[in-house]
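Biologist: I am new to this one. Please take me through the terms and show how each is applied.

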Amino acid sequence: MARIDANLSDIKDGDMGGGGWTAWPQGDYRMMVTGSDYKATKAGTGMMLKLEMVCLDGDHAGQKQFDNLVLQHPNPEVMKISRVRLKELAVAVGHPTPDLVTDSEELHGKAFCAYITKKKAKPRRARPPASRATRPRRT
């Protein structure tokens with residue numbers, strides 16, 4: 001623990017709000033996967049594919065979204081949800097064999113339509129609800 005002695009009494013409720021960041025409105029966005037990594041989950045009980053995507057048009061052009069797909073986990077339902085979403089992404093980007101994705105880079109650089117939905121904030125969090133990319137669709 002670090003002693004910081006921060007007096008925050010001059011910060012008003014209107015000053016807080018994520019540093020200018022706001023969640024994207026729910027809806028369809030043209031996206032492209034620009035980066036990916038395969039890492040252990042925070043708990044160390046599985047592996048997840050971390051995806052970085054960029055919006056290609058509209059008010060959010062150039063802005064990024066991130067998604068984590070847990071592909072190895074003790075809970076088979078967690079894996080199934082992520083495997084379904086991975087296959088949806090593979091189909092949406094026109095992967096030649098969406099039943100077999102051997103390298104995440106096969107998903108990079110191809111436009112697809114993603115439906116962005118609001119994610120409910122956990123009670124312990126003190127920031128606005130995040131947006132997340134879900135349900136890729138063909139463009």
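Modeller: Start with Arg 85, which has a relative accessible area of 9% and is buried.

Biologist: Why is Arg 85 called buried?

Modeller: Buried means under 20% relative accessible area, exposed means over 50%, and partly exposed is in between, with a 1.4 Å probe and protein chains only. Arg 85 has 9%, so Arg 85 is buried. Asp 67, at 10%, is buried by the same rule.

Biologist: What should I know about the model itself?

Modeller: This is a predicted model, where local features need pLDDT of at least 70, side-chain atom pairs count only at pLDDT 80 or more, and totals for chains, interfaces and linings use all residues. Residues are numbered from 1 along each chain as its sequence is written, and side-chain values use heavy atoms, with hydrogens and water left out.

Biologist: What makes Arg 85 and Asp 67 a salt bridge?

Modeller: A salt bridge is a side-chain nitrogen of Lys or Arg within 4 Å of a carboxyl oxygen of Asp or Glu. The closest N and O atoms of Arg 85 and Asp 67 are 2.3 Å apart, so the pair meets the rule. Arg 85 lies in helix α1 and Asp 67 in strand β3, so the pair ties together parts that are 18 residues apart in sequence.

Biologist: How many salt bridges are there by this rule?

Modeller: The count is five. Among them, Lys 64 and Glu 52 meet at 3.2 Å, N to O. Lys 64 is in strand β3 (residues 64-72) and Glu 52 in strand β2 (residues 47-55), so this pair ties together parts twelve residues apart in sequence. Lys 64, at 46% relative accessibility, is partly exposed, and so is Glu 52, at 24%.

Biologist: Why is α1 called a helix?

Modeller: Helices (H or I, at least four residues) and strands (E, at least two) are DSSP runs, numbered from the N terminus.

Biologist: How do you know that the buried residues of α1 line one face?

Modeller: The buried residues are Ser 82, Arg 85, Leu 86, Leu 89, Ala 90 and Ala 92. Seen down the axis of α1, they fall within an arc of 165 degrees, so they line one face; the arc is that of the directions from the helix axis to the C-beta atoms. The face turned away carries the exposed residues Pro 76, Lys 80 and Arg 83.
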